[in-house]
Each structure stands twice: as C-alpha cells, then as structure tokens.
Amino acid sequence: MEPLNVSAMQKSDVVNARTGERWLYSPIVKDHFFNPRNLLLEEPTEGDFDARGTVGSPACGDVMDIWIKVDRDQDRIKELKWKTFGCGSAIAATSMFSVMVTENGGMKMAEALKIKPQDIMERLGGLPNRKIHCSVLADKAFRKAVNNYFHATGQHERVIVEGARIIDARLNVTDKDIEEAVLEGATNLEEVQNKLKVGVGDPAAIPAIEELVRFYKEKYFG
Ligand code: FES
C-alpha cells in the first residue's frame, strides 16, 4: 500500500483515491455539516407543517425532503425543516438555505423564491464545482413544497410552472436534461453530447444546446 502523503492531505479535506483530485471545504461548510440547522429529527404529525416537497437528484440518486410552515397573513416562511439522504455538501447547503429563509423573522415568500444556488454558495464560503448539484437539491425541494402550499391553500395562480422544453425531438431530450448534464459536470457542447447524444442527428438543434449550456453554466457556476 502506498504511504499517505500527510502534508498534501493536510491541505485537502477530500482526496479521490482513483483520480487524485482533492478539494477543501470552507470552515462554514464544515460547521453546517457537523451542526446542521433545522434538521427534522422526528416524523412530523398532521398539522405540524403546511406543505412538504421531495426531490431526487438524477446526478447521484440522493433524496431531499423539505417541510415548510407559512405565516399566511404576512406571506412569510415561519419554519423550514429538512431531511436528506445526501452527501455532506447537500447537508451543509440545505442547512444554510434553511437559515437564510427563516432568519430575521422569516423571509417573504417572493424573496425566498428568488434565492439562487450562488447565494447559498456565497454564504457557505464556496463549494467544489462538482458538488453544486448537491446544493441545488434544497432549492428544488423548496420550490416543490411552495407549490404544494399554493395548491393546498387555493392560490393556484401563484404555482410556479417549470415546464420542460423539447430541444431534440428525435431523442426527446429537454432543456431539463441539459441542465442536469451541466450540473453533473458537462461544460461544453461536446461534453453534453457525450452524455446525451443530443443534436448529433439534428444539427439544427445545436445553437439552442450551446445557448442552454452557457445559460446553465452561468446560472450555477457564475
Ligand atoms: S447530494 Fe448526492 S452527491 Fe451530493
């Protein structure tokens, strides 16, 4: 067995044994990982929360669950609890997201819906690029919970519709598939095509694919 390079290890929190890739987590990420805020410890009973949102990550198969309680008169998030089968980055990002949404008396619904993955990342002091898809889980589960809340309270006109747009009709590939490919690490047309084969038999779709890759790279990686 190879001896461990201790001085290199000290400069990294994680070393991929196969590729040798290493990365470092910020002290804030570690704090939220070891002391997660607003974690749901017991199964909620009827009436504890106004809505729940659950999403799975196509990138890694992990699952995120979020429960919210809303002050209907003020349209503010009163409480947000969460639970996940996800990695340390998902735990830290969701913990931070739960703080952002509930601090200072709770955020107005409209403001909370504007929180972007970069805002969470900024408060965390950064995350390794390959971990961005983990932080997006909180935001997606929250939107789902909010939509469920809107439905449950008859505010159907406020439901956020995030319809998928077909980009390559022959393969039935949508903009959401391209979003996931970028979150999984594809950074250009070629890498997206390696994953999805999108546009290979349909050159007319290529400009739209390139535009989406640019859009999602900017959205998630700044
Ligand atoms: S949530 Fe699955 S790898 Fe982070």
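**Strand pairing, helix packing and domains in a predicted model**

Reader: Over how many bridges do β4 (residues 63-71) and β5 pair?

Author: This is a predicted model, in which local features need pLDDT of at least 70 and side-chain atom pairs count only at pLDDT 80 or more, while totals for chains, interfaces and linings use all residues. Residues are numbered from 1 along each chain as its sequence is written. Helices (H or I, at least four residues) and strands (E, at least two) are DSSP runs numbered from the N terminus, and two strands pair if DSSP finds at least two bridges between them. Strand β4 runs antiparallel to β5, and the number of bridges in this pairing is nine.

Reader: Which residue of β5 is the bridge partner of I68?

Author: Strand β5 covers residues 76-85. Within β5, the partner of I68 is L80.

Reader: Which strands form the edges of the open sheet?

Author: The sheet has three strands in the order β3-β4-β5, with antiparallel pairing. From one strand to the next, the twist averages 20°. The edge strands, each pairing on one side only, are β3 (51-56) and β5.

Reader: At what angle to β5 does helix α3 run?

Author: Axes are lines fitted to C-alpha atoms, for helices over the stretch in contact, and angles run from 0 to 180 degrees between N-to-C directions. Helix α3 (residues 88-102) lies across β4 and β5. Its angle to β5 is about 170°.

Reader: Which strands of the sheet does α6 touch?

Author: Helix α6 packs on the sheet, and its direction makes about 140° with that of β3. Contact here requires that the C-beta atoms of two residues, placed from the backbone, lie within 7 Å. The strands touched by α6 are β3 and β4.

Reader: Which helix gives the largest share of the side of domain 1 that touches domain 2?

Author: An automatic or database domain assignment supplies the bounds, giving domain 1 (21-155) and domain 2 (166-221). Eight residues of domain 1 are in contact with six residues of domain 2. Three residues, the largest share of the domain 1 side, come from helix α6 (residues 132-152).

Reader: Which elements do the buried residues of α7 pack against?

Author: A residue is buried if 20 or more other C-beta atoms lie within 10 Å of its own, exposed if 12 or fewer, and partly exposed in between, with C-beta atoms placed from the backbone. In α7 (residues 175-183), the buried residues are D177, I178, E179, A181, V182 and L183. They pack against α6, β6 (166-168), β7 (173-174), α8 (189-196) and α9 (206-221).
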